Amino acid sequence: MRYSIATVCLSGTLETKIGAISKAGFGCIEIFENDLVTSRNSPETIATMICDAGLETIVYQPFRDFEGLAGKLRAKAFDRAERKFDLMTRLDTDLLMVCSSVHPAARPGISRIADDLHELADRAAQRNMRVAYEALGWSHVISDYRDSWEAVRQANHPALGLCLDTFHIYSRQTEIDSVANIPGEKIFLVQIADAPRLSMDPLSWSRHHRCFPGQGQLDLDQFMERLRQTGYDGPLSLEIFNDQFRAGNADSVALDGHRSLVYLNQSSSELTSSQPAELESAQEPGGVEFIEFAVGDTEYPRLSETLGALGFTLSAIHKAKHVERWTQGNVNLVFNREDGSFANRYYDLHGLSVCAYGLSVNGPATMVTRANQLGYPVSYGDPNTDTHGLPAIMGPEGAQLYFVDPNEQSPHWDREFIDNDIETRNPWIDTIDHIAVTMDHEQSLQAALLHKALFNLNPTAPLNVLDPSGLVRSQVFESTQRNVAFTINSTGARRTVASQTLEKYAGSGVNHIAFRTKNIFEIAERMQNLSIEIMDVTENYYDDLSARFDLSTDEIQRLKQLHILYDKDDFGSFFQIFTKLIYGRFCFEIVQRNGYRGYGFPNAQLRLTMQAADIDLQNV
Ligand code: MG
Ligand code: MG
């Protein structure tokens with residue numbers, strides 16, 4: 001399958017965009033009119049640049065407000081079209097995309113529109129050109145793809161076909177089964193966009209919130225299945241209007257765009273088994289094997305004291321490096337203070353932070369291939385300093401994501417570390433429940449694509465959490481068994497906890513790591529006895545709890561005493577407790593799930609408010 005992208009998706013000049021699109025691996029390009037108008041180069045020069053970059057211009061777009069006009073306005077619309085055909089000759093492209101009209105004088109009526117389109121196609125054909133007609137979701141003339149197909153069908157001209165745009169189709173909640181009935185040879189262009197489900201006016205939704213497949217919530221696999229039934233074999237082209245993309249780095253956005261199409265083609269062809277797979281199948285991570293902290297000598301005492309209070313023990317020391325392994329249950333935490341290591345460089349840049357994760361996957365070699373196919377470069381650590389040889393990719397926030405074979409991990413630890421003789425006892429903490437990461441909006445979209453396309457993690461619907469200083473968007477990516485979950489928080493507001501964390505970290509970072517226990521009351525008591533700083537909880541929170549839930553006075557009292565938060569869903573109850581932020585950076589959360597499947601979302605505003613107060617105190 002050939003992949004294409006519209007220049008409007010990316011930041012920079014037309015020339016920058018051409019370079020980024022070519023480097024990302026696309027074969028085709030859509031030229032968006034505004035990008036040409038603002039270029040200092042002639043259309044002929046642009047055509048040569050595109051050709052030299054190994055790209056083919058598949059369409060020039062958009063041609064607006066053409067159909068449904070009468071008299072002088074109609075004649076003028078055809079004159080404009082002739083000028084566009086002149087330009088297309090110079091650009092060396094043969095397809096003009098016409099989007100349905102929003103001209104106030106344009107009148108609806110399918111046969112009138114069919115007549116206009118027929119005449120336009122006739123004129124295009126005289127120049128060996130073609131026209132694709134798109135139903136714009138907010139046009140008063142034609143807004144439904146089934147009507148645009150009817151107009152094209154009635155016009156009945158070989159140089160006229162349809163442009164299908166998934167955003168316009170899904171945003172109007174039109175049924176999509178009819179797509180399958182359109183003959184593939186009458187579809188001249190397919191534009192792909194995903195989007196979060198938002199209730200807002202379609203024009204603003206379209207102009208600001210479209211995103212790449214895999215980053216939003218539209219059922220594009222379903223669309224692709226219908227499209228395959230038509231026999232369409234033209235390119236898939238991304239047309240994404242998104243504020244973050246246009247403010248972001250053209251190269252990295254173009255790369256994500258290419259990945260998203262490879263992934264979409266793969267995931268949808270798996271459904272229909274109609275095409276050979278382009279990608280190795282994803283190995284869903286079975287758990288978090290380890291989390292590595294970049295630590296300085298200053299922070300080490302407090303970090304180790306806190307984790308000791310939570311029941312972790314220093315279980316092993318690296319044979320050659322200033323690296324420790326702390327363990328409890330199935331959780332491994334690595335503290336890295338080695339000079340010249342990746343962790344050390346990460347520390348210099350970001351301070352105390354999480355610099356690497358190990359995700360256990362059955363068959364890391366398959367994941368290495370899949371990562372390469374998706375354009376995520378795989379490295380094996382620094383050859384001068386690292387002996388572990390584990391494959392890793394770089395996450396959007398710059399931390400390493402290792403692929404770890406669960407069967408190989410134990411010998412790996414033994415090879416690298418010397419065990420401490422520690423007495424074994426029943427752990428309080430069994431496993432890592434979730435990792436909450438704070439990112440800016442652009443990185444959160446990159447992370448969404450990575451979690452979905454590479455690991456097949458399932459996104460929950462994004463939610464907005466109220467921080468005292470603005471909105472934070474929160475979305476969870478979790479494995480089917482819920483053994484791995486990343487909560488991604490992002491914000492555009494400047495003074496939110498999320499933004500302040502971003503500033504502190506000089507980039508993204510972990511807000512909290514949540515450990516799962518079966519004995520939250522026991523751990524909470526121990527933390528209190530050992531004077532570990534526990535996040536404050538307001539009196540009003542517990543008053544509210546007693547109003548919302550069927551809890552006895554004694555139960556509420558116990559929760560309040562220990563600063564434990566509570567929630568409940570259809571599957572069961574949930575308890576959580578947070579430490580205070582450590583050096584204003586991140587904290588630890590302990591959760592106990594009695595069947596509960598969520599992540600304590602109703603308590604998130606309280607946490608952010610408490611953390612904001614702590615950050616403010618530190619800023620005084
Ligand atoms: Mg479109
Ligand atoms: Mg949490």
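## A walk from the sheet to the metal site

Let's start with two neighbours: strand β9 (residues 287-294) and strand β12 (residues 331-336) pair in the parallel sense over 4 bridges. Here, strands pair if DSSP finds at least two bridges between them, and helices (H or I, at least four residues) and strands (E, at least two) are DSSP runs numbered from the N terminus. Keep in mind that this is a predicted model, where local features need pLDDT of at least 70 and side-chain atom pairs count only at pLDDT 80 or more, while totals for chains, interfaces and linings use all residues. Residues are numbered from 1 along each chain as its sequence is written, chains are lettered from A and ligands numbered from 1 in the order in which they are written, and side-chain values use heavy atoms, leaving out hydrogens and water.

Zoom out and you find an open sheet of 8 strands with mixed pairing, running β14-β15-β13-β9-β12-β11-β10-β16. At its edges sit β14 (392-394) and β16 (417-419), each pairing on one side only. On average, neighbouring strands of this sheet are turned by 25° against each other, direction ignored. Helix α13 (residues 342-350) packs on the sheet and touches β9, β12, β13 (353-360) and β15 (400-404), with its direction at about 135° to that of β13. Contact means heavy atoms within 4.5 Å; axes are lines fitted to C-alpha atoms, for helices over the stretch in contact, and angles run from 0 to 180 degrees between N-to-C directions.

Now for the metal. The magnesium ion (ligand 2) is coordinated by His434 (NE2), His512 (NE2) and Glu589 (OE), at 2.2 to 2.3 Å. Histidine 512 lies in strand β22 (residues 509-517) and glutamate 589 in strand β25 (residues 587-594), so this pair ties together parts that are 77 residues apart in sequence. Donors are N, O and S atoms within 2.8 Å of the metal (3.2 Å for Na, K and Ca); water is not among the atoms, so sites may look incomplete. Histidine 512 is buried at 4% relative accessibility, and glutamate 589 is buried too, at 1%. Buried means under 20% relative accessible area, exposed over 50%, and partly exposed in between (1.4 Å probe, protein chains only).

A cis peptide bond joins glutamine 61 and proline 62, with omega about -10°, and proline 62 sits in strand β3 (residues 56-63). Asparagine 156 has a positive phi, near 50°, and is exposed at 60%.
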